[in-house]
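Please read the following account alongside the sequence and the coordinates.

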Amino acid sequence: MSDATEMNTQLNRAPVFTSQAKASNITRTSMNISAVATDQDTSDTLTYTFYWGTSASNLSLVASNTSGVFPRTDLNMNTTYWFRIDVTDGIDTTPGTANSAATLANSIPSIGTPSVSRVENSTDKLTILVSATDTDDTALTYTLWRGTTSSNISKTNITITGNSGNTVTFTDTGLAMNTTYYYKVRVSDAYGGNDTSANYGNERTYCAGTYCGGGTYTTSTCNLCNGNKTLTCNTCNGSGTLNCLTCSGSTWVNSSCIGSFNLWATNTSRCGSCDTSGRDVSRYTYRCSICKETYDEYICHICGWTRLAGTKTHTAIQIRCTSCSGSRY
């Protein structure tokens, strides 16, 4: 070896680590691996070579760069990984020390017992409220489970999203009238963690929204209006009291008939103006489809005379059960 070659070899100084490979910004599925080295030969460019694996004895070359930072993504949760970074100035290579770090475990969300309530004036809907919490996720997915017995609750295709700590609301529709339904809710995060309500919530749908379809009411005598008249709906088993004019505190309410008048019959009559009789005078009878009140309208096709017999108002009373939302006339 010449004196010049020997001098150049002695002058090169290998890079030295000031920080061996370590992990930072660790999440459930990612982390950054980085190392820092210096070289007394300030004109040298340092190149870092990154090795990665699941054990210290089984590391594979991944990449090289001049920054010394190597992001890792799509990792398994709660898993230990090993790594090493070597550094070279193009002449001499300084091997790094193997180190390890583990990704974070996923925290499982926790959900409470759902609260179930009926929807006013509806026979086929129930509302379900529930909340869940998750220490490492904000966005959660909720799936409704339903059954007609507490021992047979199965998954539905009803899914909504909500934030951890907030109450979410399901509206379950298309249900059977006067039927008790049982509910649980399963909450899931984006990393496969899930929890199902330990206890169920339950409620019965209303008997009817406006009319107690097919139902009849059993009444008892009101004794001189000193007591309330009790009625029981035989369809939904709801009951309440009908207010007598001098009674109060009833769970039943009275209102006017809400039916509509429709043409019920036609006939002929005598004109009250030109005294024409026979087919030139028509009588139209209109009848309410609910309370059966009627009124007549007369029209003379010769002189144009018209007359109403009866009124277009309803006199029937509607009785509404506030426990089942049913009503009868």
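Helices and strands are taken here as DSSP runs, with at least four residues (H or I) for a helix and at least two (E) for a strand, numbered from the N terminus. In these terms, serine 197 lies in a loop, the one that runs between strand S16 (194-196) and strand S17 (201-204).

Over the whole protein, the secondary structure amounts to 27 strands and 1 helix. Of the 329 residues, 35% are buried. The accessible surface is about 18,100 Å², and carbon and sulfur atoms account for 46% of it. When contacts between residues at least 6 apart in sequence are considered, 54% of them link residues at least 24 apart.

The confidence of the prediction should be kept in view. The mean pLDDT of the protein is 78, with 66% of its residues at 70 or more. Residues 232-258 have a pLDDT below 50, and the model gives this stretch 93 contacts beyond near neighbours in sequence. Residues 315-329 also have pLDDT under 50, and there the model has 69 contacts beyond four places in sequence.

Between strand S2 (residues 31-38) and S5, the antiparallel pairing extends over 4 bridges. Within S5, phenylalanine 70 is the bridge partner of isoleucine 33.

As a general rule, most residues other than glycine have a negative phi. Asparagine 178 likewise has a phi near 55°, and its place is in the loop between strand S14 (167-172) and strand S15 (180-188). Are these two asparagines buried, partly exposed or exposed? Asparagine 78 has a relative accessible area of 56% and is therefore exposed; asparagine 178, at 25%, counts as partly exposed.

Which residues surround serine 197? Not counting residues up to four places away in sequence, serine 197 touches Ile111, Gly112, Pro114, Lys184 and Val185. Its side chain reaches the backbone oxygen of glycine 112 at 3.0 Å. With a relative accessible area of 2%, serine 197 is buried, because the limit for that class is under 20%.

Apart from neighbours within four places in sequence, threonine 133 is in contact with Pro109, Ser110, Ser164 and Gly165. The C-alpha atoms of threonine 133 and valine 187 are 9.2 Å apart in space, while the two residues are 54 apart in sequence.

Note on methods: Residues are numbered from 1 along each chain as its sequence is written. This is a predicted model: local features need pLDDT of at least 70, side-chain atom pairs count only at pLDDT 80 or more; totals for chains, interfaces and linings use all residues. Side-chain values use heavy atoms; hydrogens and water are left out. Buried means under 20% relative accessible area, exposed over 50%, partly exposed in between (1.4 Å probe, protein chains only). Contact means heavy atoms within 4.5 Å. Accessible areas come from the Shrake-Rupley method with a 1.4 Å probe; for residues, only the protein chains shown count as cover. pLDDT is the predictor's confidence in each residue, from 0 to 100. A polar contact is a pair of N or O atoms within 3.5 Å; within protein, one must be able to donate a hydrogen and the other to accept it, and residues adjacent in sequence count only if both atoms are side-chain atoms. Two strands pair if DSSP finds at least two bridges between them.
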